[in-house]
Amino acid sequence: MGPIIVVVEMQSDAMSPASAELLSRARQLARAQSTRVVALGFGEAARGALGSSGADDAFLAAGADAYVPTQAEAALRQVLQETAAGLVLLPNTTMGMDLGAATAAAEGRPMVAYATSLAAVEGGAFKATSQVYGGKLVAEVAVPEGSVVTVLPGSWPADEAVSGTTPVRDLVVAGESPMELVRTIEPDTGDVDITRADVLVSVGRGIQDPDNLELADELAEALGAVVSCSRPVVDAGWLPRARQVGKSGQTVKPKLYLALGISGAPEHLQGMKDSEIIVAINSDPTAPIFEVAHYGATCDILELMPILTERLGGAD
Amino acid sequence: MRIAVLVKDVPDLVEELELDESGRGLAVDDLSYVPSEWDDQALEEALLLKEASGAHVSAVALDTGDVDNMLYTALAKGADRAVKLVGDYDRTLPGRQRARILADYLAGAGYDLVMTGVQAVDDLDGQIAGLLGGMLGWPHASVVRDVAVDSGAVRFVQEYAGGRMAEFRSSTPLVLGVQAAKKPPRYVPIARIRQVSRSAALEEVEAGGSPSESLAAIERLYRPEAQGHATMWDGDAEQVAAALVALLDEQHLRS
Amino acid sequence: MTLRTMLMAATIVVALASVGVFSVRGRAIWTVLRRTRPVVRWDRIGERLLSVGTQVFGHRRMVRIPLSGILHYFIFSGFVVLLLDIVGTIGQVFRPGFGIGPWLSLAVDVWVALVLVGVLMAVYNRAVLRPARFHGSDERDAYMILVLIAIIVVGIVVHESFYPVVAASFFHVADPSLKSEFLGNGLYHVWQNLGWTTPTAGLVGYTVGYLMDIGVVFAFLAYLPYSKHFHILLAVPNIFFRNLRPIGELVESPPDETMAIRSFDDMRWKDVLDLFTCTECGRCQDVCPAYAAGQPLSPKMVILDLRDRLVSDWGRSEADAPPLAGGAVSREALWACTTCGACQQACPVFIEHVPKIAGLRAALLEDGDVDPAAQKVLVAWERQGNSFGQPARKRPEWAKGLEFPIRDARKEPVDWLWFVGDFAALDPRAREMTPVVGELLHRAGVDFGILYEAEVNSGNDALRIGEYGLFETLAQKNLKVLEKATFQRVFTTDPHSLNALKNEYRKFGFDKPVFHYTEAFLALIQEGRLPVSPVPIRATYHDPCYLGRWNHITEAPRELLRVLGVDLREMPRHGEQSFCCGAGGGRIWMDESGIVERPANQRIREALALPGITHFVVACPKDVSMFHAAATALGVDDRLRVTDVTELLAAAVGLRATPLPAAMAMGASE
């Protein structure tokens, strides 16, 4: 079968952890299917990362110095046409959502999103499991040769060390881009950096009302913790974006992650499941958050927070 | 600016998701359905664009079941037009085929901007925005917010992990997968929806049968094993608080 | 020209001018009234007349504030007597020798004195006592009226006192001496001593007195419709046209398109009449929990702001004029309302505030202007049928731990159909009591059943948020199963559900009797079906708004507590004058910004002021949640136990131990 293409994503001048995870799995799968791994990166900054990616080959579309969805898609399609790829792997991030489905549709390839595992089966095909329905169900999917698969970050560990140098070939993408980058916006770190906290008191939809954030603040103070949250709280304008944990927010690994009223959508779990200890309180006992939490309870968080604060000797 | 907002309904995750006998799909007739929350965001963003710059907004849904109410709701919220693509399909229609039917319609419908939810809870075979971009050969972007019309072109912001973002400007036609609108989706009273359903008509467009598409087949659908399940603390808030404090002490996490 | 001709001419000119000025405004109001929505208020004439009797001549609501009630009675009754004086005074000018007789003349003078006393009391009240309820009222108008009244009654005495002079010199009356007009007579003697009984002095004095009286009366008449004093003409019809249907019914019949009030045309004619009847007394403001909590809502200002807006353009708003909802009345004020109804209950002229507020809310809602948390609840009601957004299958889960199965009223006939309600079924704290209610019914041998997951929220709060369509959707879902089920009566612990089932579902033809659990358990105990032993605690009882005020059920819970041996002490505000917990009308889900002190906290303080109270007894699942939070927030939960009636019943029949506050429980174990 044709090579396994891995689209590499950069994160502040280094390869993103999700990309490294994909490359590790791609090398295993390539060995199983006796094929090669070809990496594709965008922008000059990716050249170094591609060289030490452990892939057999690499393409660099260095035309634009930053990621532009249309240009990246043109580059990926060019690589696919040149290499007759047997499998295309992308992280299920913004980039993966941009490129995965579009490339699959344009090239007539099957597509599987939200994969959390991927294994080779006999005859050049693969089998994936994906999280669907907000993580409430798992789908086991037969992945035919040539498919495009986007994989949720953190689905498997990355290899510690990669030896050897990968030759990097420059890719010239022809044509005008209908889309141009206006500016990049660096994260608003706000008043606190939630990625540095040892303990996070993280609130979700279950907080119900912005006034109840006071309870979380008091608890955090009593715990010496920082308040973070899930996406709905930010979208409602109750907390600044800098406090958001998850796919479009921060990835955190505190010693204790106290999830209050967070149901645990896959996008949220992505940002916190590697925390050392996770305690989840949510009224719905079937909430996916309990799948990753170490300890859980279904009591009322609005009742729990003041009691806990008091027990910890904080404000009454 | 002519905007199409693609809306669909998905199983309500609040309810138990029943599987069908084959174990490969959902028991679609036994589920309750709600509008996909990201589509709601896309619709809201489109309506805000209309209010800001006078765009013409059409809500478009594929008739896989009971979509009329969703379309009337869009009209009641302020959409100018509602289009129902009718044909012989039901709720089991895979996303990839859904995208093809939509693409065939959109190709000749004269829209400048197509907006839809960045994802849906059931888009295992690819997000609609990306699929449409690929099928139509139009530029597209996912995880988008802050959409604005800028002299015939469209500006928008794309979100990345870690809170980074980038602003782009694109010519039209364009497909955007919207993550969040500038404001939470508006409420529309039921009486208003009923009123609209009496006074306004849905435009029905014959959209043909199910097209063939290359698909990855679901072999099994199941609830995640409870192996990694949390140790549950029973009892009321007092008891849970006691357990938590004990854990903090054990882990030396009390400040 | 003689004095008589001059006075007659003046009287006719002033009267015509007065009627002219009056009718300008009168016509404008009539034009607005004719465009409004219909409502039937001509039925049950007997009851209406009786109500006018007790409220107008009996001053029943007025005397709840004694000083104001008495001073108003002096002035009000003075107006009745004033009519006699007007007849007599104009009569004696137009027909020399005319008189109303000694007894009526005596009455006039007695009331002149009473009115003056009343006016002095009113000035004392406004200037010295300065009750907060007047805040926001037009003080200038109030004093203006008091001055006018004083001028009129003083004028009466003045023209009386000069009457003997002019009657003899100008009117040629045989015996013009004053008989029973003791004030006028007294003053006449003063004039005699001063030597002011010459024809000229009489002419001047009588003319001045006549104009102070009759002239000012007509000026007053012209001023009336431009002032809060219009109530002297409108209070009687407004009380006559009061709502005699069950007051818990917010919407009488399904609205054509919408219940939203966007213009005055969308109001019922009675609503417009209300606006002009308002006396600005502020009793509504005084009892409003939102106002007391520091929120920007005063029911009085809602009425006055609407009236001022109506008067500014007579309902012919330009397209760019600010809307009524969110303009004339701010959105914050509208969403602050708990729909507790205390304002309507306090209003001496029976203004209906809540339907106006609900209609204005509906207009806000149509524009998508609703609190985000409340919006989530509206969506949850629509999708899951409960405010908690929980799947329907969770609704009957509270029944799982019971040792006996609860009948499924959808499948078999039952005697009592228990409508459980959202909070009793799903609120973590309130639902602890729900199985106990089941056990109590079971123990009393009641044949009862529930609708399991087919029950949805009653829609009571949805309607009060202004979402009629959602209310109707929920009601129809319930009615669909209720109509199929066989039962004799509905039983519920939830006053909000009770109100909807009893009052709001009538318009869809539902007419089964609905009982609150306090009524039902009282009956069971009295019938001997549930033997109880005394629960010797000292407690106060909080009347839920939707039980006491909106449904007049105040005695059954008290009798039940007495039967249980509870030493019941009343808070100052109790019965139909209870003070809202702050949860009604959807407030329980809304943003609390702007609240200085929650109504529930104020209420707990009110209870704490009673000596030796250990229990705060509630009879509403929402109250359990609200007052628990309040007692905890105030840090008094160790000495004041918020207790549902169910807990006391359970203790009385031996199902549970008597619930005690922590401080007492510790004492008991020592």
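Which residue of chain B does the side chain of E180(A) meet in a salt bridge? In this predicted model, local features need pLDDT of at least 70 and side-chain atom pairs count only at pLDDT 80 or more, while totals for chains, interfaces and linings use all residues. Residues are numbered from 1 along each chain as its sequence is written, chains are lettered from A and ligands numbered from 1 in the order in which they are written, and side-chain values use heavy atoms, with hydrogens and water left out.

The partner of E180(A) is R169(B), with a distance of 4.0 Å from N to O; a salt bridge here is a side-chain nitrogen of Lys or Arg within 4 Å of a carboxyl oxygen of Asp or Glu. Between chain A and chain B the count is 8 salt bridges. The contact, meaning heavy atoms within 4.5 Å, takes 84 residues from chain A and 83 residues from chain B. The area buried between these two chains is about 7,100 Å², with 59% given by carbon and sulfur atoms, where buried area is the accessible area (1.4 Å probe) that two parts lose on being put together, summed over both.

Strands also join the two chains. Helices (H or I, at least four residues) and strands (E, at least two) are DSSP runs, numbered from the N terminus, and two strands pair if DSSP finds at least two bridges between them. Strand β12 (residues 179-185) of chain A pairs with strand β9 (residues 165-170) of chain B in the antiparallel sense over 6 bridges, and I185(A) stands opposite M165(B) in β9(B). An open sheet with parallel pairing is formed by 6 strands in the order β14(A)-β13(A)-β15(A)-β16(A)-β17(A)-β13(B). Because β14 (226-229) of chain A and β13 (231-232) of chain B stand at the edges, each with a single partner strand, one side of each is left without a neighbour in the sheet. Strand β17 (residues 295-297) of chain A pairs with β13(B) in the parallel sense over 2 bridges, with Y295(A) opposite T231(B).

Chain B also touches chain C, with 16 residues of chain B in contact with 21 residues of chain C. These chains bury about 1,600 Å² between them, 46% of it on carbon and sulfur atoms; V14(B), Y187(B) and I190(B) supply 38% of the area that chain B buries against chain C, more than any other three residues. Across this interface 3 salt bridges are found, and in the one between R194(B) and E472(C) the closest N and O atoms are 3.1 Å apart.
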